[in-house]
Amino acid sequence: MSEGLTWTVYDANTMTQAEIYGEVLCMLGEKYSNIVGLSADLANSTKIGKFGKKFPERFFNVGIAEQNLFGISAGLAKAGFIPFVSTMAVFTALRAAEQVRTDICYQNLNCKIIATHAGTSFGTAGTTHHCTEDIAIMRSFSNMTVIVPADGIETANAIKACVEYQGPVYIRIGRGFEPNHYQNEDYGFKIGKAVEIQDGTDITIICCGSTVFHAAQAAKILKEDDGLSVRVLNIHTIKPIDTESIIKAIKETRRIVTFEDHNIIGGLGTAVADIIAESGKGCAFTKVGIPDCFAEIGYPEDLCNYYKIDTDGIIEKVREVMGKEFEQDDEDWEDEV
Amino acid sequence: MTITADEIKQLKEKAWQIRKDIIDVTFWAGGAHIGGGLSMVEILTILYFKYLNINPSAPEFEDRDRFILSKGHGGVGLACVLARKGYFDFELLKDFNKFKSPFGIHLDCRKVKGVDASTGSLGHGLSMAVGLSLGARLKKKNWFTYCLLGDGECNEGSVWEAAMSASHFKLTNLIAIVDRNKLMIDGATEDVMGIEPFSDKWKAFGWIVKEINGHDFKAISDAIDYAKNEKDKPVIIIADTIKGKGVDFMESQVKWHYGGLDSDLLIKAKQSVDKAYGRD
């Protein structure tokens, strides 16, 4: 964490993830004269425009041209700058995927991509503006680090951490109406390390981004109403993923459910599934997310409810998994292969 | 710095050597983009042996000029030039395309000294050059960024995104050159996807255009001198070239966009180059 900076200028309860990002970047810009900002006609929507207003000479708006946006940021990184690049997630991960992969990741350049409006957070805009594929795409790019902050406070932590983290980083945030989970930033955020929101022994909910709030709420209700001991892991870094915490959850809870605002193919759930499969250990497992379809149109809260990635949906899924027959009292679990 | 007759003589000597190098490496590699490698020999030769402020002993020194080969498939040509400039031993190019070689068809800046950007996917180089040019301006550095594009490559929309931004940002520390050899893999540029009126397109995008003979050192030199002194708009040099230049059976032949050579063709190709330079 950077020294000498205070992080109290923002009010997490009234500011969106993107607004907090804009503020934090402005503060970092004071300390790091080699930070530059770039956007493609979305300076205001992504809030990187705050940095642009404060440091106009260090901000480049390239117009509606995302391929050029990422190519230019690669060039600036080559010249020794730390480019922070922001546009909507769908235009980053899809429109300019090759520039991100070839210009930035292949050359292992120090670009920080903060992609907004991810998942179904701009649900009313329809499929062209939904982005439920970006985690799958970005985590398949070698050298790329992929972070999905839970809320504004975690976004601030991720932005601070990525400045001193060498190499390309993709930070995925929403449109700005997601519920907040954290109230202050001192909870031990570290890139690549999961945060245990709550310990538990019956089942583990693994979540990221906007589902963290809902998972935490669900765990409380499941404790009160069902007497369940639910572990909640916030896997904010999808890559490199915290394998250790997941293996520990497999061993200690034997039931895992993943929740994410992303296609169930290729995202957090798939990353966790890989670890379960490679562990060689039995485990009840369900992935919840957008079920390999282009999501319906609607407000994010309605879509999350529909796809069961809100509090009620998570509760329902946990109960479903708990109801499944599962050999959970095997004393010799270690002998399984 | 007007080019002298003596400089031109020395550059011709280098170009003769590099053309034969490209033929050798294509032979060793089993195949390479030899046509487009040969068409840009004069452009690369004059950049590396007259203009670029670079140092093979300190390939990363900050104030160096940058060069981005946006037509990344010309890697075989750039590799030969870098070897003759002293970045690495020419003999290392015997491993071109071999298992775990640092040298593949498209050069990797993390594996080959002297390469400023990994290119190969077309239409990416000019954007990176724009970023480097903005970076130089921001750092108040005087180095230039040169970017060599292929003409077929200019079908890519991203080239025009980059072109638009270079003029918008008034980048006069960026010098773009197009190797206008008029052929792409599937045929003539004007048959596959016409790009004419090419100069007018760049002018419309806010650039100053210099159209020259891309095999004429004096013409290239004059155009670069002009570009280096321009203080208002970015300059693009459209260099009219011949694909496969110097090898009679390859010149303007689309089938030599990419090709390999057997021992007989290797000898014939080199003889042809010698003949073209009056050294037979």
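1. The contact between the two chains draws 25 residues from chain B and 26 residues from chain A, where contact means heavy atoms within 4.5 Å. This is a predicted model, in which local features need pLDDT of at least 70, side-chain atom pairs count only at pLDDT 80 or more, and totals for chains, interfaces and linings use all residues. Residues are numbered from 1 along each chain as its sequence is written, chains are lettered from A and ligands numbered from 1 in the order in which they are written, and side-chain values use heavy atoms, with hydrogens and water left out.

2. The size of an interface is often given as the accessible area lost when the parts come together. Here the area buried between chain B and chain A is about 2100 Å², with carbon and sulfur atoms giving 59% of it; buried area is the accessible area (1.4 Å probe) that two parts lose on being put together, summed over both. On the side of chain B, the residues that lose the most area to chain A are B:His124, B:Leu138 and B:Glu161, which together make up 27% of what that side buries.

3. Which polar links does the rule find across the interface of chain B and chain A? It finds 12 residue pairs in polar contact, both residues being at pLDDT 80 or more, a polar contact being a pair of N or O atoms within 3.5 Å, where within protein one must be able to donate a hydrogen and the other to accept it, and residues adjacent in sequence count only if both atoms are side-chain atoms.

4. Helices (H or I, at least four residues) and strands (E, at least two) are DSSP runs, numbered from the N terminus.

5. B:Ser133 is placed in helix H5 of chain B and is buried, with a relative accessible area of 0%; buried means under 20% relative accessible area, exposed over 50%, and partly exposed in between (1.4 Å probe, protein chains only). Leaving aside its neighbours within four places in sequence, B:Ser133 is in contact with B:Thr145, B:Leu171, B:Asn173 and B:Leu174.

6. Chain A has 13 helices and 12 strands. Its radius of gyration is 20 Å, close to the 20 Å that the globule rule gives for 337 residues, so chain A is as compact as a globular protein of that length; the radius is taken over C-alpha atoms, and the rule is 2.2 Å times the number of residues to the power 0.38. Buried residues make up 63% of the 337 residues in chain A.

7. Most residues other than glycine have a negative phi, and most peptide bonds are trans. The bond from A:Lys239 to A:Pro240 is cis, with omega near 0 degrees, and A:Pro240 sits in the loop between strand E10 (237-239) and helix H10 (243-253) of chain A. In chain B, B:Lys140 has a positive phi of about 60 degrees although it is not a glycine; B:Lys140 lies in the loop between H5 and strand E2 (145-150) and counts as exposed, at 73% relative accessibility.
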